[in-house]
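Dear colleague,

I am passing on the structure we spoke about, and below it you will find notes on what came out of looking through it. Please read them alongside the model itself.

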Amino acid sequence: MDDHQDPRLPLGPRALDHRIVTALRACGANPRVAGAARALSRAGEHGALWFAAGLTAAAVDHRRRRAWLRGTALTAGAHAASSGLKRVVRRPRPAHVEPLVGTRCRHSFPSSHAASSAAAALAFGALGAPAAVPLAAAVCLSRVVAGVHYPSDVAAGAALGALTAGLGLRWIREGARD
């Protein structure tokens with residue numbers, strides 16, 4: 001029986017979440033897709049990709065060092081907020097698919113990878129790093145393809161990250177002028 005006819009599935013948004021994870025995780029059967037999902041998921045673990053990018057940019061771009069550090073701090077703040085919220089909500093990760101990567105936490109909502117990625121995309125994008133946006137989108141997508149998050153986890157994490165960075169954009173811009 002396929003997912004579209006499974007009477008055990010809940011109706012509404014939860015069923016859609018379930019079906020999207022199933023479909024995208026099936027894409028991970030392709031070795032190239034699986035490799036990319038694993039690499040992106042691992043790079044985004046605890047915001048490492050974004051912290052490395054922000055600190056490298058701060059070291060190279062002396063004129064805007066303070067702005068890069070502020071963007072990196074907002075990225076860390078988004079990750080921390082997401083991690084804290086995850087402990088409150090305690091939504092379990094998808095159990096109906098085999099994950100491509102291990103996770104350190106068994107809770108999935110919101111996605112901390114998505115929170116730090118969206119924050120970095122907004123913060124670093126404001127500093128002229130256009131590659132941050134597609135890379136952030138790829139990290140977010142990788143979490144669903146890897147079978148460790150529902151799309152709603154990723155959407156909520158991305159919204160939290162965007163909100164965090166959005167609230168700090170003025171602070172980043174002030175740092176670029178100092």
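How close do the axes of helix α4 and helix α7 come, and at roughly what angle do they cross? In this predicted model, the axes of α4, which spans residues 65-89, and α7, which spans residues 151-177, come within 9 Å and cross at roughly 160°. Since angles over 145 degrees count as roughly antiparallel, α4 is therefore roughly antiparallel to α7, and the crossing in which α4 passes α7 is right-handed.

On the α4 side, the contact is made by Arg66, Ala67, Arg70, Gly71, Ala73, Leu74, Gly77, Ala78, Ala81 and Ser82, while α7 contributes Leu160, Gly161, Thr164, Ala165, Gly168, Trp171, Ile172, Glu174, Gly175 and Ala176.

Turning to the annotation, the unreviewed UniProt entry assigns "domain: Phosphatidic acid phosphatase type 2/haloperoxidase" to residues 69-169. In the model, that span is 68% helix and 0% strand, and the C-alpha atoms at its ends lie 12 Å apart.

Is Thr72 buried or exposed? Its relative accessible area is 7%, and because a value under 20% counts as buried, Thr72 is classed as buried. Leaving aside residues up to four places away in sequence, Thr72 touches Phe51, Gly54, Leu55 and Phe124.

Note on methods. Residues numbered from 1 in each chain as written. Predicted model: local features only at pLDDT ≥ 70, side-chain atom pairs only at ≥ 80, totals over all residues. Heavy atoms only, no water. Axes fitted to C-alpha atoms, helices over the stretch in contact; angles between N-to-C directions. Helix = DSSP H or I, 4+ residues; strand = E, 2+ residues; numbered from the N terminus. Parallel < 35°, antiparallel > 145°, perpendicular 65-115°, else oblique. Left-handed = near helix turned anticlockwise from the far one by under 90°. Contact = heavy atoms within 4.5 Å. UniProt positions renumbered as here; feature names shortened; annotations may be inferred. Buried < 20%, exposed > 50% of the residue type's maximum accessible area, 1.4 Å probe, protein only.
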